[in-house]
Amino acid sequence: MSKSGLVSDPLVSLFKSIGLTQAKAQEAAKSPKSAAILKDIIESYQAVSSGVLNEKQAGLIVALSGALAKASVGSIERNYLIATILDNKLKSVDQVTGELFYLRSLSSLLIISKAAVKFAETHKSPIDDAEFNKECGIGFSVAPEELNDRVTKYIQHNAVAGWVSLSAVISALRATPELRWANPLDVKNAVEKGFRETFGAKEVAKPKGKEPKKDAKPAQKQEKHTESGNSDPLPMRKSVFEEGFLGSLHKPGENPQENPRHREAHLTATEGNVWTRFPPEPNGYLHIGHSKAIFVNFGYAAYHNGKCYLRYDDTNPEKEEAKYFESILEMVRWLGFEPWKITYSSDYFDELYDLAVTLIKRDKAYVCHCTQEEIKVDRGEKRGQPRPCIHRNRPISESLAEFEAMKNGKYRPKEANLRMKQDLEDGNPQMWDLTAYRVLDTPHHRTHDKWKIYPTYDFTHCLVDSIENISHSLCTTEFIASRQSYEWLCDAVDVYKPRQSEYGRLNLEGTIMSKRKIHALVNGGYVSGWDDPRLYTLIALRRRGVPPGAIISFVSTLGVSTAATNIEISRFEQTVRQYLENTAPRLLMVVKPLKVTIENLPEDYVSTIEKPLHPKVPELGTSTIPFTRNIYIESDDFRLEDSKDYFRLAPGKTVGLFGAPHPITYVSHKMDPATGEVSEVVVKLDSEGLGKKPKAYIQWVAEHAASGSPVCVDETRIFHRLFKSDRPSGDVSDLEPNSLEIVKGALVETGFWALAKRSLVEARREANLRTEKAAQVDKTTETATGDDTPHATPEQLVGKECVRFQGLRVGYFALDKDSRLACLDESNTAEASRKQGDYVVLNRIVSLKEDSGKAI
């Protein structure tokens, strides 16, 4: 469906008057609150309404309005904000956001750091310009020597795995307060210099270029050596694994045990190393919140040279499906981690049953025949205080016989349960006789019909942690109350007791993560599936084109603490932009094309232009494109009515073309009588004389059938927020009706085909190398012997979304799985070009940094 416009809205005309394009004005008018603030600014400030703003300043005023809509800032502060934009002190949306945070902290309305709080307590208006400039990066500079020193120390004191971590290190350094305002190119060059000095030259074309990964462990050892020495404290942020919540965790063996022999046996099994596990339930697809759990468990183990299990908590056969098992392993590997072992809770069903019998024999469990309603009453659900079940004190022999009868299929579901005999006097509901086993008739995907009874999470989790010798059982804070029953059960059956530690979960505002709520949207047809790019499941983010490294960078820079992390979607998208800025090739792209004829070139004129795929990253290579008499430009890059702050093509104007040898100057235009819109612009190429350098350059693509130019994009999909509210409940009435915009007929330069093929070839090579390495340490066959056990394959890491690029001045895009490109299945040496039957679908990953929220 096409996104409806707001052309008739009087606000659009008002917003265009300050220098916004039609599309940007429409986007600015969408949010009633921010639009009202923008309208007030235009009407209240003559400097804004008088037409003196350039397009970038107008965009910053729009960004400021959006930020003000979410904050409480006084009129004095607002005047100051606008003045700094008009004086060209602030030149990016990021600075405007930082500016707003500074002023809010100054007024004690938002506490963002201890320093800001201290300043807010001792300083009031008038605003200190020097302090303000420091907070917002105005006039910021960093000496090359200082930058190189910071890079070197970061590499030495973090688990950097070689050249594969280049982008992640660049993003992490840019996210530090000290380097937030540093020139991105300077940071990139300094990091590459540090990598060359540490890991040697990068060998892109050869598989052995991955050999620097072998230096990862020595780098970690160097870090530990430095920390144990007498070196000065680092003036930069430490690794997330050595500070805060993760830095304060116990060392292996320090978790207390009732019986000392359990500690000794544990340390013997683990050799004193960190052992963790990621234990998802295979009853749905993972979402972005799980990326934090994956990062914490796999990352903490890797940082300490330990091991991490991928354990499927498959104790509820009624909700488990094979596709979820496959997807979970795929997402773990996609995020860059490899499980040491793949195990299942069902691997231990025999041992868990024996431990349940032991619990009964110790008079710590009993078989209960109460109804679900009676159990709820007994557990104090309606009275607030628990009471003993009528079966609680039945003889041990009776419970043993009844438990055996449960196992043999005597009872139907809910007719009998094994409950733990805990402490009803305790104030913690997790100690009020939790259920340990229940009867289920559904066959299990691995054990089939062997069992009629299945252990609950509360019984299984701690005991399997114990069996697998987990040193650190890391989970989110909703399990804090469960820690007491976790430890009680381990002691009750006299086994090794792991230490459970809880961290705050990750939540994104403006979306939903509940499996039940997403399932309702999928079944109702409101989204196309669990991988609909408007969702924040990991498979949806992957399909949209978000790089896995960007997600890891996002999670790591947030840090890990016991507090829940509630983050706006815009912050996540900004991390993705920063990651793509230095990694994504750039192609010329026109989304809504307007034909341009260069009248002083012959009909058959064609020249070849070689352009870099990234002006700051020469390693990405170049592309070769034609330049002809007929080209296409973005329709928004031409106006019939000129203004002094508009620098693109218009009557009487000259404009540059990116990569082209000469600028073009307007001559005339043609109108479509049916629509009343401009259908063609006639220009001349200013190829004689030096002339005056154009004030603006625009993107273009040439029409040249012989070289397959331009590449026609069948569908360009633009994804906007799925919900209207910041904290959606999942109700369909809250769905944004225009969350999906589909544009047909966008054009891309011919370099797209070679880039697409090269991206897939490189992705397959990397996937093969990783999978071969994983196979060398694969331990899954020791415990997971079923034929349906998922294993590491190269295909898990390769998809069409690996084809990513920046459409110059448009946004970041990735190839969608609905695309059909025959060249991707041809031999590596075959020339990449369009074939009959090809169908190109692009997903916008994120908009450009300078144009957040841009509509197309």
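**Note on the cavities, sheet and aromatic contacts of a predicted model**

1. A search of the whole structure finds three cavities of 30 Å³ or more. On a 1 Å grid over the protein atoms alone, a cavity is a set of points where a 1.4 Å probe fits but cannot get out, whereas a pocket is an open set with protein on both sides within 12 Å along at least five of seven lines; lining residues have an atom within 4 Å of a point. Grid points are joined across faces, edges and corners, and a volume is the space filled by probe spheres set on the points.

2. Residues are numbered from 1 along each chain as its sequence is written, and side-chain values use heavy atoms, with hydrogens and water left out.

3. The largest cavity has a volume of about 80 Å³. Its lining is formed by Y457, D458, H461, C462, C475, F479, S482, S485, Y486 and Q500. Two elements, α21 and α22 (482-492), each give two or more residues to this lining; helices (H or I, at least four residues) and strands (E, at least two) are DSSP runs, numbered from the N terminus. The most comes from α21, with four residues. By type, the lining of the largest cavity has five nonpolar residues, four polar and one charged. In this division Ala, Val, Leu, Ile, Met, Phe, Trp, Tyr, Cys and Pro count as nonpolar, Asp, Glu, Lys and Arg as charged, and the others, Gly among them, as polar.

4. The second largest pocket holds about 1,400 Å³ of space. It is lined by 50 residues, of which E281, N283, D313, Y457 and F479 are the closest to its centre. Elements that give two or more residues to this lining include β1 (275-278), β5 (417-420), β6 (435-439) and α21 (457-467). The largest share, five residues, comes from α16. The lining of the second largest pocket divides into 18 nonpolar, 14 polar and 18 charged residues.

5. Which strands form the open sheet, and in what order? Seven strands take part, in the order β21-β18-β19-β20-β14-β17-β22, with mixed pairing; two strands pair if DSSP finds at least two bridges between them. The edge strands, β21 (697-698) and β22 (700-702), each pair on one side only. Strands of a sheet pair through backbone hydrogen bonds, either parallel or antiparallel.

6. Strand β14 (residues 593-598) runs parallel to β20 (residues 678-685), and four bridges join the two.

7. β18 takes part in two pairings. With β19 the sense is antiparallel, over two bridges, and T654 stands opposite T665. The hairpin of β18 and β19 has six residues between the strands, and in it G659 takes a positive phi near 85 degrees. With β21 the sense is parallel, again over two bridges, and L657 stands opposite I698.

8. The structure holds 28 aromatic pairs. Rings of Phe, Tyr and Trp (its six-membered ring) pair if their centres lie within 6.5 Å; planes under 30 degrees apart count as stacked, over 60 as edge-to-face and the rest as tilted. Why does the pair of F638 and Y666 count as stacked? The ring centres are 5.9 Å apart and the planes lie at 20 degrees, so the pair is stacked. F638 is in the loop between β17 (630-634) and β18 (654-657), and Y666 is in strand β19 (residues 664-671), 28 residues apart. F638 is buried at 8% relative accessible area, and Y666 is buried at 16%; buried means under 20% relative accessible area, exposed over 50%, partly exposed in between (1.4 Å probe, protein chains only).

9. One aromatic cluster is formed by F349, Y353, F403, Y437, W451, Y454 and F459. The charged end of K407 sits over the ring of Y353, 5.4 Å from its centre; a charge sits over a ring if NZ of Lys or CZ of Arg is within 6 Å of the ring centre and within 35 degrees of the ring normal. Likewise, the charged end of R446 sits over the ring of Y344, 3.8 Å from its centre.

Definitions and conventions
Predicted model: local features only at pLDDT ≥ 70, side-chain atom pairs only at ≥ 80, totals over all residues.
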